[in-house]
Amino acid sequence: MSVWDGVLVAITTPFDDEDRIDRTEFVRHAGWLVDHGVDGIVVGGSLGEGSALSADERAHLVRDLAGRLPRSVPLIAAVAAARTADAVEQARRAAQEGARGLLVLPPYVYRGDRAEISAHFTDVFRATDLPCMLYNNPPAYGTDVLPDQLSELAETSPTLTGVKESSGDARRISELIARCGNRLAVAVGLDASIADGLRAGAVGWVAGLANAFPEETMAMFRAGRSGDLPRLDALDRWFRPLLEMDSGPKFVQKIKLVQSEVGQGPSRVRRPRLELSGTERDEVLATLRDALGHRPEGVMSITRP
């Protein structure tokens with residue numbers, strides 16, 4: 001079993017009313033997730049508002065959890081920057097602070113060609129000995145690392161051992177498995193794609209709504225991995241309206257609002273983001289109320305703090 005197997009929660013970053021990271025709440029929330037069965041924690045990713053964090057803040061998030069998570073729950077640091085040199089430095093610092101794996105994003109802002117993107121990823125993969133997962137999210141970052149390119153990168157970079165596939169096309173997962181076999185662990189990166197992804201053979205889920213619903217997330221993942229398709233489908237029908245919040249420009253605000261409503265942290269976000277208001281906020285709350293009021297048989301209730 002690799003560090004990429006199972007449900008890895010892309011943990012949110014809580015901020016206090018002075019826009020500082022609430023490190024006490026961050027540690028508490030991570031502990032709550034572990035207590036409710038998640039398999040790993042990813043810090044400083046897109047949902048964690050990594051683009052709004054300083055290099056020191058990223059490192060401190062890793063440090064805060066490195067000595068607190070049990071060995072059975074890997075701590076993964078997201079790596080993302082506009083400059084390749086900065087991404088390399090992030091990777092090295094995360095390793096020094098105690099990360100056990102790296103989730104490597106394409107470069108911010110510049111949408112390079114195939115050779116440029118491969119060179120960027122390769123430099124980061126070679127920066128440490130930690131296992132790396134390549135994050136492929138064409139809608140968000142404008143670069144699409146196709147299966148043949150991933151296969152080439154896996155052949156030349158021994159530390160590349162996983163891919164977070166967020167294209168939304170489950171056929172990508174099937175093709176990656178056909179090309180790479182067990183060489184790359186494939187994880188689903190869009191919450192609403194998890195049912196299709198598990199059917200296609202994914203072994204991991206980098207999950208967002210798990211910040212508020214860890215038990216339900218684990219139940220759905222286990223149903224899919226065990227082949228219990230009727231249960232997977234029932235959970236997907238109930239969970240899907242919430243899971244669909246894990247995409248689009250305001251996915252961070254939506255998930256943090258849901259978290260806040262179930263007692264799992266503040267809804268505050270760091271600028272340039274603003275909290276939801278008006279119709280946008282009302283729609284999220286209505287979706288949440290509907291989900292909580294129409295739970296299918298066999299889905300556990302939320303465990304509140």
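Tutor: One term to begin with: a pocket's lining residues are those with an atom within 4 Å of one of its grid points. Also keep in mind that this is a predicted model.

Student: OK, pockets then. Which element gives the largest share of the lining of the largest pocket?
Tutor: That's H5, with three residues.

Student: And what's the volume of that largest pocket?
Tutor: About 670 Å³. There are 36 residues lining the largest pocket, and the closest to its centre are Ser 46, Asn 137, Ala 140, Tyr 141 and Phe 251. Helix H5 (138-141) and strand S8 (204-207) are the elements that give two or more residues to that lining.

Student: What about cavities, how many of 30 Å³ or more are there?
Tutor: Two. The largest cavity has a volume of about 50 Å³.

Student: Which residues line the largest cavity?
Tutor: Among them are Thr 12, Thr 13, Glu 25, His 29, Lys 256 and Gln 259. H1 and helix H11 (251-261) each supply at least two residues of that lining.

Student: Switching topic: which residues of helix H7 are buried?
Tutor: H7 covers residues 170-180, and Arg 172, Ile 173, Leu 176 and Cys 180 are buried there. Looking down the axis of H7, those buried residues fall within an arc of 100 degrees, so they line one face of the helix.

Student: And on the other side of H7, which residues are exposed?
Tutor: Arg 171 and Ala 178 are exposed on that side.

Student: What do the buried residues of H7 pack against?
Tutor: Their partners are strand S5 (132-136), helix H6 (147-156), strand S6 (160-165), strand S7 (185-188) and helix H8 (194-200).

Student: What goes on at the start of H7?
Tutor: A side-chain oxygen of Asp 169 comes to within 3.0 Å of the backbone nitrogen of Arg 171 there. Just after H7, you'll find Gly 181 with a positive phi of about 55 degrees.

Student: Which residues other than glycine have a positive phi?
Tutor: Glu 49 is one of them, with a positive phi of about 55 degrees. Another is Val 109, where phi is near 75 degrees.

Student: Where does Glu 49 lie, and is it buried or exposed?
Tutor: Glu 49 is in the loop between strand S2 (40-43) and helix H2 (55-66). Its relative accessible area is 0%, so Glu 49 is buried, given that the cut-off is under 20%.

Student: And Val 109, buried or exposed?
Tutor: Val 109 is exposed, because its relative accessibility is 78% and the cut-off is over 50%. Its place is in the loop between strand S4 (101-104) and H4.

Student: You just mentioned H4. Which helix is Thr 122 in?
Tutor: Thr 122 is in helix H4, which covers residues 114-125. At 12% relative accessibility, Thr 122 counts as buried.

Student: What does Thr 122 touch?
Tutor: Leaving aside neighbours within four places in sequence, Thr 122 is in contact with Leu 153 and Ser 157. A polar atom of the Thr 122 side chain also lies 2.8 Å from the backbone oxygen of Ser 118.

Student: Now the largest nonpolar core. How many residues are in it?
Tutor: It has 103 residues, and those touching the most other members include Ile 41, Val 43, Leu 134 and Phe 213. Helix H10 (residues 229-243) gives the most to this core, with six residues.

Student: What does Val 43 touch?
Tutor: Not counting residues up to four places away in sequence, Val 43 touches residues including Ile 11, Phe 26, Leu 61, Leu 75 and Ala 78.

How values were computed. Residues numbered from 1 in each chain as written. Predicted model: local features only at pLDDT ≥ 70, side-chain atom pairs only at ≥ 80, totals over all residues. Heavy atoms only, no water. Helix = DSSP H or I, 4+ residues; strand = E, 2+ residues; numbered from the N terminus. Buried < 20%, exposed > 50% of the residue type's maximum accessible area, 1.4 Å probe, protein only. Polar contact = N/O pair within 3.5 Å; in protein donor to acceptor, adjacent residues only side chain to side chain. Contact = heavy atoms within 4.5 Å. Arc of directions from axis to C-beta. Core = buried A, V, L, I, M, F, W, Y, C linked by side-chain atoms within 4.5 Å. 1 Å grid on protein atoms, 1.4 Å probe; cavity = no way out; pocket = protein on both sides within 12 Å on 5 of 7 lines; lining within 4 Å. Points joined across faces, edges and corners; volume = space filled by probe spheres on them.
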